[in-house]
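Please examine the sequence and the three-dimensional model shown here before reading on.

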Amino acid sequence: MTNSPLPYGRQSISDEDVDAVAEALRSDWLTTGPKVGEFERAFASYVGAREAVAVSNGTAALHALMRALGVGPGDEVIVPTMTFAATSNAALYEGATPVFADVDAKTLLLDPASVEARITPRTKAVVAVDYAGQPADYVALRKITDRHGLKLASDGCHAVGATERGRPVGSIADLTAFSFHPVKHLTTGEGGMITTNDATLAQRMRVFRNHGITTTHREREHQGSWEYDMEELGYNYRLTDVMCALGLSQLARVPAWVARRREIAARYDKAFAPLEGIEPLAVRDGVEHAYHLYVVQVDANRAAVFHALRKDGIGVNVHYRPVHLHPYYRRRFGTKPGDHPAAEAAYERILSIPMFPLMTDADVDRVVEALARAVRANPRRST
Ligand SMILES: *Cc1c(COP(=O)(O)O)cnc(C)c1O
């Protein structure tokens, strides 16, 4: 048995990727050039959306999404507490107030009943999270947002390639944000994308990522003009041509990668089914999961299991500490333990175990054995 370290996620870079980057480096455009639009069109087509807007990372994508939602001071945006802090931070960047909702205990997806309970006259939008790569319950959420006249957006950073009732994440919500960090489905080093069917919102986000200026340097070069208008306060959130060349090259392999992630998940599911004390998250009917993460809930001393696996060279992780429990949110908004019981209970039990397309079946079996051993050896302390 090998003890070589197995990370929880890992990118795959091919010779074709390297060639695509080298070619972009030798071209005339290092930053905003032809590869940006090419990558945007290819990504939009993959997720079945009309428009895609490339930005410098997933957090910038969420920020642009909040701008496109039009939320600001005095507005509330409902987000699940079981997410990465960037989801709710993005609302704060625009001066809006994030309001946390609880998740379903079996899937850790935003609980529609909890959303409904938190709607006030100030609520402007709901941002679901496709946690671990499983689409949120969009049918139930859309009923709620339609009834209250709210926008429905998605933090789809985990869910490239996931579908719900045949509709890909990226084409279901009004706006969807993606990340191309190396642990995600495809990478550009740092990078992000927002997809939408609304051309006006897409144009607004293209201006937002370029300081709020309505023409790009390349367009002005084309027109032989130096003049430009800054129409609103934007940021420099551009993704470079070099990174878009990498993204385009990576995108071609995403369907095969997602298929491999599903095979790995099926192997885990089968191995864990007869084992006591290891419960994989539930998968809803009608979804095709993208398995950014494979998350189990363990009936054991989670900290001891975590450390035992790390000692075995197995890169486990915990996604996530519920955001309302972070000191910043507690200080600023008075959020506290007890606010979201399902997310808090899950947080005591969850472990993300290795999941990436290059894992071999032997790697999967090694994780299963090590996890089973660690759970048996570390029963939950009875108090
Ligand atoms: C990765 C991730 C982000 C942030 O993406 P970056 O590219 O790292 O800025 C936001 N939300 C979720 C759920 C993520 O997994």
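The model is predicted: local features need pLDDT of at least 70, side-chain atom pairs count only at pLDDT 80 or more, and totals for chains, interfaces and linings use all residues. Residues are numbered from 1 along each chain as its sequence is written, and side-chain values use heavy atoms, with hydrogens and water left out.

An open sheet of mixed pairing is formed by 7 strands in the order E1-E9-E8-E5-E4-E2-E3. Strands (E, at least two residues) and helices (H or I, at least four) are DSSP runs numbered from the N terminus; two strands pair if DSSP finds at least two bridges between them. Strands E1 (51–55) and E3 (97–101) are the edges, each pairing on one side only. Within the sheet, E4 (residues 123–129) and E5 (residues 151–155) pair in the parallel sense over 5 bridges, and Val126 has Leu152 of E5 as its bridge partner.

Helix H11 (residues 302–311) packs with helix H14 (residues 361–377) at about 140°, their axes 9 Å apart. Axes are lines fitted to C-alpha atoms, for helices over the stretch in contact, and angles run from 0 to 180 degrees between N-to-C directions. Val305, Ala308 and Leu309 of H11 meet Ala370, Leu371, Ala374 and Val375 of H14, where contact means heavy atoms within 4.5 Å.

Ile350 belongs to strand E13 (residues 350–353). Its relative accessible area is 0%; buried means under 20% (1.4 Å probe, protein chains only), so Ile350 is buried. Among the residues that Ile350 touches are Met82, Tyr131 and His319.

Methods
Buried means under 20% relative accessible area, exposed over 50%, partly exposed in between (1.4 Å probe, protein chains only). Lists of a residue's contacts leave out its neighbours within four places in sequence.
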